[in-house]
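Work through the exercises below with the sequence and the model at hand. Each task is followed by a solution in steps.

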Amino acid sequence: MTTVSHLECSACGKRRVAGAIHNLCECGGPLLVRYDLGKAKTAWKRETIFNGPSSMWRYAPVLPVRDPGFVVSLGEGMTPLLAAARLGALLGAKNLWVKDEGLNPTGSFKARGLSCAISMCKELGIRKVAIPSAGNAAGALAAYAAAAGLEAHIFVPRDVPQSNYIECRAFGARVTLVDGLISDCARMVAERKDAEGWFDISTLKEPYRIEGKKTMGYEVAEQLGWALPDAIFYPAGGGVGLIGMWKAFDEMEQLGWISSHRPKMIAVQAAGCQPVVRAFEHGESKSQFWQGAHTLAAGLRVPKPLGDALMLSAIRQSGGTAIAVSDQELLDASLELSALEGIFAAPEGGACVAALRKLLANSFLKAHERIVIYNTGAGLKYLEAYSTRFPRTASSEQDKLGGLITPR
Ligand SMILES: Cc1ncc(COP(=O)(O)O)c(C=O)c1O
Ligand SMILES: [Zn+2]
């Protein structure tokens, strides 16, 4: 199954054994999983991938789980890559695609990372897990923990979308609503985890969520006939998907599956929380904590991503960019995507559409380029945000009762 060989610190390069419990390196750097890609290359051919499961686990040789019996799957991955010709015509992009991650279990791409992380918890004998989250990662963790029979402790901002709060409760997790941001939630997990015996599943503080998320990169290559697009739009909070896809591209090149051509990686943030954009524009290798972070694209409300250095380095190496859009722009763009393509996206996905419009207008991107937008979640998870655009007012006493089918 897996060809995992060891773990390696992304900052200092120190190696660790695979198959043991790890969080961060003692230098503070996130750990990355490494594989024996030479072995994978001889034993595994891209032509036979379609024989595997119709989920991200078709890429099991480059995922860390040793025994298929430990895999906790709810059918995550292999999301559709949809041609978006009508939206493309409006924006002036002739070769536009949307990878619709809203169709994952729990309605977001977070399912990929948490399927992998919880599978590894099972393999490593971990029984209690804790996560600070902007919302969707909490819902996904709660679902996979339920499926694996683990105890889940969730820390989310008090104003987290209602869908996330309810799904976590429905999956049986213990939920703490925190008066603050994901950074405050993270501090609470860090303070309590040792006394409580929790394994910390914070973004990049354990090495396996990134492995699940990197499968978005394998899939886009497979779905485009093993040619990568010219540009990828990714709504970046913690940035794990972007870092993961960048890692996947290197692995695929070493497997001999793709050429050295890389997409321009474009990180999209919200105007009210744009630490990565600011660092990119100032030529810095790390971001500064963004004070007073606010946006209705809840997943983008990450004031200081732990993986900022990895993200900035991938964006720069790829010749990409980082760009912010306002809440109004991202909601407008999301509704254009809905009305023109039938894809009801998360506001984070809408942010990518708004960013695409800007980068076509300033000629950073050309009309003929093959562009893939990641819609990272389902619009249905954000009813509070979208109801600002579609308020319902009761027009009669009968309407106020709601749901009664009666003659008028
Ligand atoms: C829908 C959605 N999009 C994007 C993000 C940001 O993801 P990442 O932390 O991988 O940058 C999140 C994170 O919560 C999210 O829920
Ligand atoms: Zn290190």
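## Exercise 1: the largest pocket

The largest pocket holds about 770 Å³ of space. The model is predicted: local features need pLDDT of at least 70, side-chain atom pairs count only at pLDDT 80 or more, and totals for chains, interfaces and linings use all residues. Residues are numbered from 1 along each chain as its sequence is written, chains are lettered from A and ligands numbered from 1 in the order in which they are written, and side-chain values use heavy atoms, with hydrogens and water left out.

Task. Describe the lining of the largest pocket by residue and by class.

Solution. A pocket is, on a 1 Å grid over the protein atoms alone, an open set of points with protein on both sides within 12 Å along at least five of seven lines; lining residues have an atom within 4 Å of a point. Step one: the lining has 48 residues, and T203, G238, V302, P305 and L306 lie nearest the centre. Step two: by class there are 22 nonpolar, 18 polar (Gly among them) and eight charged residues.

## Exercise 2: ligand 1

Solution. Step two: take the polar contacts (pairs of N or O atoms within 3.5 Å). A polar side-chain atom of K213 is 2.8 Å from a ligand oxygen, and a polar backbone atom of G237 is 2.7 Å from an oxygen of ligand 1. The side chain of T376 places a polar atom 2.6 Å from a ligand nitrogen. Step three: ligand 1 alone exposes 390 Å², of which the protein buries 97% (Shrake-Rupley method, 1.4 Å probe). Step four: ligand 1 sits in the largest pocket, as more than half of its atoms lie within 2 Å of the grid points.

## Exercise 3: the second largest pocket

Task. Which element gives the largest share of the lining of the second largest pocket?

Solution. Step one: the volume is about 330 Å³. Step two: 17 residues line this pocket, with L32, R34, W246, K247 and D250 closest to its centre. Step three: β1, β3 (31-35), α9 and α11 each give two or more residues. Step four: α9 supplies the largest share, six residues.

Conventions: A polar contact is a pair of N or O atoms within 3.5 Å; within protein, one must be able to donate a hydrogen and the other to accept it, and residues adjacent in sequence count only if both atoms are side-chain atoms. On a 1 Å grid over the protein atoms alone, a cavity is a set of points where a 1.4 Å probe fits but cannot get out, and a pocket is an open set with protein on both sides within 12 Å along at least five of seven lines; lining residues have an atom within 4 Å of a point. Grid points are joined across faces, edges and corners, and a volume is the space filled by probe spheres set on the points. Helices (H or I, at least four residues) and strands (E, at least two) are DSSP runs, numbered from the N terminus.
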